[in-house]
Amino acid sequence: MAALTIAERILSRRCGREAHAGEFVVAEVDVMMAHDGNRPLVIDTLRELGFAKPRRPAQLFLVLDHAVPPPTAVVANIHDRMRAFAEEHGSNLLEEGEGVCHIALPELGHVRPGDLVVGSDSHTTTLGAVNCLATGMGSSDMALAAAKGEVWFRVPETLRIVLGGAPGPGVDAKDVAQYLIRRLGLHRSNYRSLEFQGPAVAQMSMDGRFTLANAAVELGAKCGIFPGDAVLRSWLEGRIEGRFEFVAPDPGAVYEESFEFDLGGLAPQVARPHSPGDVVDVGEVEGTPVQMVFIGTCSAGRLDDLRAAARVLEGRSLSPGVRMVVAPGSAEVYHSALREGVIETLVTAGACIVPPGCGPCAGIAQGIPADGENVVSSGPRNFRGRMGNPEANIFLASAATAAASAYVGAITDPRRLL
């Protein structure tokens, strides 16, 4: 047998034969996910293709997260159709308020190491933090996956990303993610699997790993996979039942290329409008006036992110003329932040807390910016119109940088306030 990477090993197990980079395989899927933000809805496409129901209903998860609570009657009716479909066929439904699909699914124990996961959202790569292969696809492919319980793949080549060094205070996984985008670009990793390794990875929290895996798709990658280790094992305790087995690369596994990055001395990173690839050190944009700040989303709406914002804003208030919206990534994140006093700190500073979900990120719910406004968002993307207004300017940054900017009223290096 050849020495395989993690992606090759997982696809081999799911297609029943040894799978090598560049080959085409049909592989059985463990978890399928679709949310309320897709057009057309996966459940509608399934029927249009002539399939009466999912082949394995219990493996399909429908998530209400992009527009919660429903801002219009149209969205409310979409939610009702998804509820009815889940009830009729025995599929799983994550209700309004349970959180962003990419955060709530693993928290609730629905994703396991070694799984093959597909979702109707490009940021499904986030789940690779759980040592699985997770990738996004369009509604038609998702509908066929639901109908057949399997899907075709071209087995991706793998890039090894080795992270060393230790970021200093005020610099977190969101900064690391944007730094990797800055160094590798938006296209170098097209259709590759990224394997994250190295001493900095071993020290990274699960919240940080999810953030980094989330960014794999911004690098163009098919998936981003973290190793199984003591950090992951501890996080999984009490979340999943039964035995599980981590998937590791074989000794001698063949990588298309390896990249090594030293994170020591890394400055907070900011992506300028209107591309997640236009990343600079915070100092290059420091002082840019800010009217709105948003903290949340699948990239940085976890407890670590809310804690970081609270550390910056403890005993402080938002700058006059700045509004700040915070969307906890899930019900679990929200409850933990409430217990720890994080939410109280943020509200006392002047933040507006919205229900767990995607919040303003997709521009179809709360918090759409006005024409000409500068927004600092911890979200994953800042393409023109991303938050619902093509005339707004969105800067991407960590939760700490966003909070510091809300306090000062201009983009600010959070290290100045810590």
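1. Contact is taken here to mean heavy atoms within 4.5 Å, while helices (H or I, at least four residues) and strands (E, at least two) are DSSP runs, numbered from the N terminus. The model is a predicted one, in which local features need pLDDT of at least 70 and side-chain atom pairs count only at pLDDT 80 or more, whereas totals for chains, interfaces and linings use all residues. Residues are numbered from 1 along each chain as its sequence is written, and side-chain values use heavy atoms, with hydrogens and water left out.

2. In helix H12, Val333, Ser336 and Ala337 are buried (under 20% relative accessible area, with exposed over 50% and partly exposed in between, for a 1.4 Å probe and protein chains only). Viewed down the axis of H12, these buried residues fall within an arc of 100 degrees and so line one face of the helix, the arc being that of the directions from the helix axis to the C-beta atoms. The buried residues of H12 pack against helix H4 (101-107), H11 and helix H13 (342-349).

3. Helix H11 (residues 303-313) and helix H12 (residues 331-340) have axes that come within 9 Å and cross at roughly 35 degrees; axes are lines fitted to C-alpha atoms, for helices over the stretch in contact, and angles run from 0 to 180 degrees between N-to-C directions. Leu303, Leu306 and Arg307 of H11 make the contact with Val333, Ser336, Ala337 and Glu340 of H12.

4. An open sheet is formed by 5 strands in the order E4-E3-E2-E5-E6, with parallel pairing, where two strands pair if DSSP finds at least two bridges between them. Strand E4 (92-94) and strand E6 (133-136) are the edge strands, each pairing on one side only, and neighbouring strands of this sheet are turned by 20 degrees against each other on average, direction ignored. Within the sheet, strand E2 (residues 31-35) and strand E3 (residues 60-63) run parallel and are joined by 4 bridges, with Val63 in E3 as the bridge partner of His35.

5. Helix H3 (residues 73-89) packs on the sheet and touches E2, E3 and E4, its direction making about 155 degrees with that of E3. Helix H5 (residues 139-148) lies across E2 and strand E5 (116-119), and runs at about 135 degrees to E2.

6. Strand E1 and strand E7 (residues 150-154) pair in the antiparallel sense over 5 bridges, and Ala27 stands opposite Val151 in E7.
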